Amino acid sequence: MVVSTVPALGLALVLGMAFGWLLERAGLGNARKLVGQFYLKDLTVLEVLFSALVTAMLGVFWLDRLGLLDMRAVYLPDTFAVPQALGGALFGGGLVLAGLCPGTSCVAAATGRADGVAVMAGLVIGILAFNFAFDSLNQVYASTPLGPLTLPDVLHLPAGVVVGMVTMMALGIFTVARRLKRDA
Amino acid sequence: MTRYTDPYLAGAGIGLVLVAAYLLVGQGLGASGAFASVAAALTAGVAGTARASASPAVAPYLPNGVASPLTDWLVWELAGVAIGAFVSAWRAGRLARTIERGAGVSAPARVMSAVTGGALMGVGAKFARGCTSGQALSGGALLSAGSWIFIVTAFAAGYAAAPLARRLWS
């Protein structure tokens with residue numbers, strides 16, 4: 001989805017600056033720190049990702065409950081089960097090699113890390129390759145369209161219950177992360 | 001050099017930025033979309049705008065059939081990420097012209113692995129319709145089923161591939 005009014009673009013810059021500042025402050029512009037998660041040395045990535053996810057999830061959930069946010073006005077991405085599973089697998093493998101994800105590659109590049117620039121170049125190369133091979137990839141890309149599906153729909157549970165489950169899972173991850181830090 | 005901020009504090013801050021994006025713009029944060037926007041402009045440049053617009057993978061990035069990364073929300077957001085990160089690292093004394101890599105890895109080998117990993121992530125993010133920011137974080141917080149499929153498969157693949165890439169980082 002492309003949003004392109006002038007106030008929206010200004011807002012994009014400001015929100016992006018806050019996002020980039022916080023990623024750098026947490027140390028996520030450093031590939032060596034980022035891959036620490038995969039060798040169970042440093043779970044900072046998981047701590048940051050899941051505390052951000054839970055904060056936003058609870059924020060949206062309660063703002064919606066209190067009538068302060070119209071959920072229908074928020075863009076919920078469509079689910080495509082098979083290509084998203086395949087895409088996730090390719091992405092995870094690429095992440096181990098790159099050491100940086102698309103957002104943090106910008107943080108790395110902006111703070112002087114040449115490996116960040118290399119990851120950014122790789123991303124453009126990969127997307128270009130995808131675009132030019134699209135005719136033969138489209139069958140997989142467009143398969144299993146399930147529309148704007150949510151976990152509460154899939155599990156047949158009230159949203160509040162799923163929000164609670166995700167929160168508990170995140171707390172479990174935090175416990176493991178803190179234990180690793182204590183033992184280090 | 002300033003110490004890194006507590007990860008829970010930084011994470012909660014990012015969560016609040018995301019809520020602000022939902023409230024003010026009606027969509028979450030993203031990163032791979034900005035690269036897709038730039039790549040779409042390049043695709044249109046090579047293949048011609050008419051052919052590029054005919055492809056469902058490129059068309060969403062060519063509003064009215066015109067390549068215009070400069071009017072794409074995500075491109076501005078990612079430019080903001082770079083500015084915010086630069087100012088933060090500058091204030092913290094963490095700006096450094098360097099290549100982050102494992103001790104036993106040469107700089108060219110690290111650059112090659114970064115380009116290869118980036119390309120794999122680019123293809124993956126296209127199939128998944130987003131990356132760590134757009135799917136895992138922004139979609140995950142809205143409990144999108146596809147976002148959670150992405151979170152589970154990305155981390156599973158990462159942990160499965162990590163032992164094979166150990167030499168790269170040790």
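Guide: A residue is called buried when its relative accessible area is under 20%, exposed when that area is over 50%, and partly exposed in between, using a 1.4 Å probe and protein chains only. This is a predicted model, in which local features need pLDDT of at least 70 and side-chain atom pairs count only at pLDDT 80 or more, while totals for chains, interfaces and linings use all residues. Residues are numbered from 1 along each chain as its sequence is written, chains are lettered from A and ligands numbered from 1 in the order in which they are written, and side-chain values use heavy atoms, with hydrogens and water left out.

Visitor: Why is Lys33(A) called buried?
Guide: Its relative accessible area is 17%, and the limit for buried is under 20%, so Lys33(A) counts as buried. Lys33(A) belongs to helix α2 (residues 31-35) of chain A.

Visitor: What is Lys33(A) in contact with?
Guide: Contact means heavy atoms within 4.5 Å. Leaving aside neighbours within four places in sequence, Lys33(A) has contacts with Ala26(A), Gly27(A), Asp42(A), Thr44(A) and Tyr4(B).

Visitor: What makes Ala31(B) buried?
Guide: Ala31(B) has a relative accessible area of 1%, and because the definition asks for under 20%, Ala31(B) is buried. Ala31(B) sits in the loop between α1 and α2 of chain B. Not counting residues up to four places away in sequence, Ala31(B) touches Pro102(A), Gly103(A), Leu78(B), Cys131(B) and Ser133(B). From Ala31(B) to Gln135(B) there are 104 residues in sequence, and 9.8 Å in space, C-alpha to C-alpha.

Visitor: How many helices and strands does each chain have?
Guide: Helices (H or I, at least four residues) and strands (E, at least two) are DSSP runs, numbered from the N terminus. Chain A has 9 helices and 2 strands, in the order α-α-α-β-α-α-α-α-β-α-α from the N terminus on. Chain B has 8 helices and 0 strands.

Visitor: What are the overall figures for the chains?
Guide: In chain A, 53% of the 184 residues count as buried, and the C-alpha trace spans about 50 × 45 × 35 Å along the principal axes. In chain B, 56% of the 170 residues are buried, and the C-alpha atoms fill a box of roughly 50 × 40 × 35 Å along the principal axes.

Visitor: How do you know that the span of helix α4 of chain B is close to the expected one?
Guide: The expected span is 1.5 Å times one less than the number of residues. Helix α4 (residues 73-92) of chain B has 20 residues, and 28 Å separates its first C-alpha from its last, close to the expected 28 Å. Buried residues in α4(B) include Trp73(B), Leu78(B) and Ala92(B). Among the elements covering the buried residues of α4(B) are α1 (6-25) and α5 (102-110) of chain A.

Visitor: Why is α6(B) called oblique to α7(B)?
Guide: Axes are lines fitted to C-alpha atoms, for helices over the stretch in contact, and angles run from 0 to 180 degrees between N-to-C directions. Angles under 35 degrees count as roughly parallel, over 145 as roughly antiparallel, 65 to 115 as roughly perpendicular and the rest as oblique. Helix α6 (residues 132-141) of chain B and helix α7 (residues 145-161) of chain B pack at about 125 degrees, with axes 8 Å apart. That is why α6(B) is oblique to α7(B).

Visitor: What makes α1(B) and α6(B) roughly perpendicular?
Guide: The axes of helix α1 (residues 7-25) of chain B and α6(B) cross at roughly 70 degrees and come within 11 Å. The range is 65 to 115 degrees, and therefore α1(B) and α6(B) are roughly perpendicular to each other. In this contact, Ile14(B), Leu18(B) and Tyr22(B) of α1(B) meet Leu137(B), Ser138(B), Gly139(B) and Ala141(B) of α6(B).

Visitor: Which helix of chain A packs against α7(B)?
Guide: Helix α4 (residues 81-98) of chain A packs with α7(B) at an angle of about 35 degrees, with axes 7 Å apart. Residues making the contact include Gly88(A) and Phe91(A) of α4(A) and Phe150(B) and Ala154(B) of α7(B).
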